[in-house]
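This briefing covers backbone geometry and aromatic contacts in a predicted model. Please consult the sequence and the structure shown below alongside the text.

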Amino acid sequence: MKLITFDGGRVGRLELEDGVVIELDVPSTREYFERGGDVRETGERLAYADVKLEAPIRPKKFFHTAGNFADHHNELEAVDWSHPVHKGIVFFQNVDAIIGPDDDIVYPEGLTKELDYELELAIIIGKAGKFFGPDEAVDYIAGFTVFNDITARDIQRKEMESGVFSFSKGIDTFCPIGPWIVTADEVPDMHELPMQLRVNGEVRQQGNTNQTRIRFPHLVAYHSPQIYSAGDIITTGTISGVAAVQPNPFDFYLQPGDRIEAEITGIGTLRNQVVGWQHAYGEPAPQRVDW
């Protein structure tokens, strides 16, 4: 099933081949998972072409994984951060930075000059739980969506002097997810999903979920002591090819007008455009407040 949020927070099941949205009688996709999927239809049928998709879920918690794909881990070592990025490190993402498919990523020119992309598979946690093992973790994996981890690399380098990164990834509009949630029963093998990110049609990242250093059930189990709620998200790390590791990264960093397509086969394609602050808000970008 493809679970969507659309038109001001309505929830539906998308029958993509038929171009039909079947509305569900539940106020949010998060509550859909809290109810264990025991949700009735409203009887409303809509044409998919006529609805506006939104971010498919607003989780209570958003667990963000770094350094999990082998090729990307090797890239990070080449960058020579002040602190190592160990496999499977997790930190919390700012849920208020979430945007949906076709929403604009607003470039905050007063804060950063090095805007980067990172394609990731995001896991939707289907039920509350804590302190469980990898064998049990599969029962907690309810579905998947696409995540594009937008990152201000110049801010990240400064953060890494203390061995952390959160500001650089949690700025407003830096958390695109979507276009929908594909339930786990429709994904035959979560560890065999081709991944590709394109900017203006040019392939920038390419890989497969079979390249991870930590399998997804183990990742989910490892962080379960932090307590999962139904509808929480945990991302799985990005693949190789980010702008920051290129010989001349400024030839690859995102700019206003760039169109990004973040695609995971079997899950979907998340599309967003980068726009300048002036375009988005009609005024010059605010400058960063420094210490």
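**Aromatic contacts and backbone geometry**

Tyr-253 is buried, its relative accessible area being 4%. The points below turn to aromatic rings and then to the backbone.

Aromatic pairs and cluster
- The model contains nine aromatic pairs.
- One of them is the tilted pair of Phe-63 and Phe-92, with 5.0 Å between the centres and 50 degrees between the planes.
- Phe-63 belongs to strand β5 (residues 62-66) and Phe-92 to strand β6 (residues 89-92), so this pair ties together parts 29 residues apart in sequence.
- Phe-63 is buried at 0% relative accessible area, whereas Phe-92 is partly exposed at 43%.
- The pair of Phe-250 and Tyr-253 is edge-to-face, because the planes stand at 85 degrees, with the ring centres 5.2 Å apart.
- One aromatic cluster is formed by Phe-63, Phe-92, Phe-132, Tyr-140 and Tyr-228.
- Lys-127 lies over the face of Tyr-140, 4.7 Å from the ring centre.

Backbone geometry
- Most residues other than glycine have a negative phi, and most peptide bonds are trans.
- Phe-131 has a positive phi, near 50 degrees; this residue is in the loop between β10 (119-125) and α3 (134-137) and is exposed, with 62% relative accessible area.
- Ile-227 also has a positive phi, of about 80 degrees; Ile-227 is in the loop between α5 (216-222) and β16 (233-238) and is partly exposed at 43% relative accessibility.
- The peptide bond between Gly-178 and Pro-179 is cis, with omega about 0 degrees, and Pro-179 is in strand β13 (residues 175-183).

Conventions
Residues are numbered from 1 along each chain as its sequence is written. This is a predicted model: local features need pLDDT of at least 70, side-chain atom pairs count only at pLDDT 80 or more; totals for chains, interfaces and linings use all residues. Side-chain values use heavy atoms; hydrogens and water are left out. Helices (H or I, at least four residues) and strands (E, at least two) are DSSP runs, numbered from the N terminus. Buried means under 20% relative accessible area, exposed over 50%, partly exposed in between (1.4 Å probe, protein chains only). Rings of Phe, Tyr and Trp (its six-membered ring) pair if their centres lie within 6.5 Å; planes under 30 degrees apart count as stacked, over 60 as edge-to-face and the rest as tilted. A charge sits over a ring if NZ of Lys or CZ of Arg is within 6 Å of the ring centre and within 35 degrees of the ring normal.
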